[in-house]
Amino acid sequence: MLGFTFLRFDTVSSTNDVARELAVAGEAEGVCVIAREQTAGRGRQGRSWSSPPGEGLYLSLILRPPVSAVDSTPITLAAAVAVAETLRLEFHTNADIKWPNDVLVNGRKICGILVEAAIEGKRIQYAVMGIGVNIAQPAFPQQIDNIATSLFLETGRTVQPEEFAEAMLPRIQHWYETGISQAARLIARWEELSSTAHGCPVSIESADGSVEGTTRGLTATGALIVETSTGERREIVSGEVRVRGAAITERFTGSAQPEKE
Ligand code: BTN
């Protein structure tokens, strides 16, 4: 069972870097690096992650999942499910997940997740699950002003980043363990929390080119199924999803209820 040990820092380049160094040095699963500020916070696809002091949760968790690299996608989905559930159930926002791992509120991104793993042979030696949640930002830099939001902007509440982490971590534990033992249950919950998982017109840019079509849920391994206009079903394993047409807020239909047992 996953237990947590906390290592708190004031300023780091990136909590993912600190966690990776600790993992390489042999630190155990469950070590959780939290910083008040990141000077070089990074996101997916080489982007940076705005990390002003005290305004966001910047957290990286060392994991040593007992699964092969090909079965690792559900682990990354666990983080998005945990964050979306926390936002919905504890903070009463209409959080929504966009594949693979963006958490949005009212169509704007509130959380990004960056999982970086070291593979040895077919197995995962360690994975670092990096989670950035915009908590207290009253505004964002102009370049991301129309696509980012924070818990403060959505709820008017003043929440400490660590308070959010406390509410989120038990859910990370639950969904990480579920992802390992019952991936289908995690995937079903992911789909339930995503308004764009089924029947959503999307275009996707990936290393293999671009695909346009309609979403048809996730595969058993967490790939996004997209049906093209010719009826072909493509399984997307990486890339950037753009929703075509209606904004995500208008598509939101998900319930803010706890998982049905
Ligand atoms: C994304 O959506 O592009 C992913 C953003 C991930 C940001 C978090 S903040 C904590 C951890 N440290 C980093 O440098 N990145 C992740």
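Predicted model: local features only at pLDDT ≥ 70, side-chain atom pairs only at ≥ 80, totals over all residues.
Residues are numbered from 1 along each chain as its sequence is written, and side-chain values use heavy atoms, with hydrogens and water left out.

The ligand is surrounded by 19 residues, the closest being Ser14, Gln38, Arg42, Arg44 and Lys109, where a residue counts as near if one of its heavy atoms lies within 4 Å of the molecule. Polar contacts are pairs of N or O atoms within 3.5 Å; within protein, one atom must be able to donate a hydrogen and the other to accept it, and residues adjacent in sequence count only if both atoms are side-chain atoms. A nitrogen atom of the ligand lies 2.9 Å from a polar side-chain atom of glutamine 38, whereas a polar backbone atom of arginine 44 is 2.6 Å from an oxygen atom of the ligand. For lysine 109, a polar side-chain atom lies 2.5 Å from an oxygen atom of the ligand. Taken alone, the ligand exposes 420 Å², of which the protein buries 99% (Shrake-Rupley accessible areas with a 1.4 Å probe; for residues, only the protein chains shown count as cover).

Helix H1 (15-24) and strands S3 (56-63), S6 (108-120) and S7 (123-134) each supply at least two residues of the shell around the ligand, and the largest share, 4 residues, comes from S6. Helices (H or I, at least four residues) and strands (E, at least two) are DSSP runs numbered from the N terminus. By class, the shell comprises 5 nonpolar, 10 polar and 4 charged residues, with Ala, Val, Leu, Ile, Met, Phe, Trp, Tyr, Cys and Pro taken as nonpolar, Asp, Glu, Lys and Arg as charged, and the others, Gly among them, as polar.

The space taken by the ligand is the largest pocket (a molecule sits in a pocket if more than half of its atoms lie within 2 Å of its grid points). On a 1 Å grid over the protein atoms alone, a pocket is an open set of points where a 1.4 Å probe fits, with protein on both sides within 12 Å along at least five of seven lines, and lining residues have an atom within 4 Å of a point. The volume of the largest pocket is about 880 Å³, volume being the space filled by probe spheres set on the points, which are joined across faces, edges and corners. Its lining has 40 residues, of which Arg47, Trp49, Asp102, Lys109 and Ile147 lie nearest the centre, and divides into 16 nonpolar, 15 polar and 9 charged residues. S6 again gives the largest share of this lining, 5 residues.

The second largest pocket has a volume of about 520 Å³ and is lined by 26 residues, with Thr73, Thr76, Asn101, Val115 and Val237 nearest its centre. Helix H2 (73-90), S6 and S7 are the elements giving two or more residues to this lining, which by class has 15 nonpolar, 9 polar and 2 charged residues.

Backbone geometry was also examined. Tryptophan 99 and proline 100 are joined by a cis peptide bond, with omega about 0 degrees, and proline 100 is placed in the loop between strand S4 (95-98) and S5.
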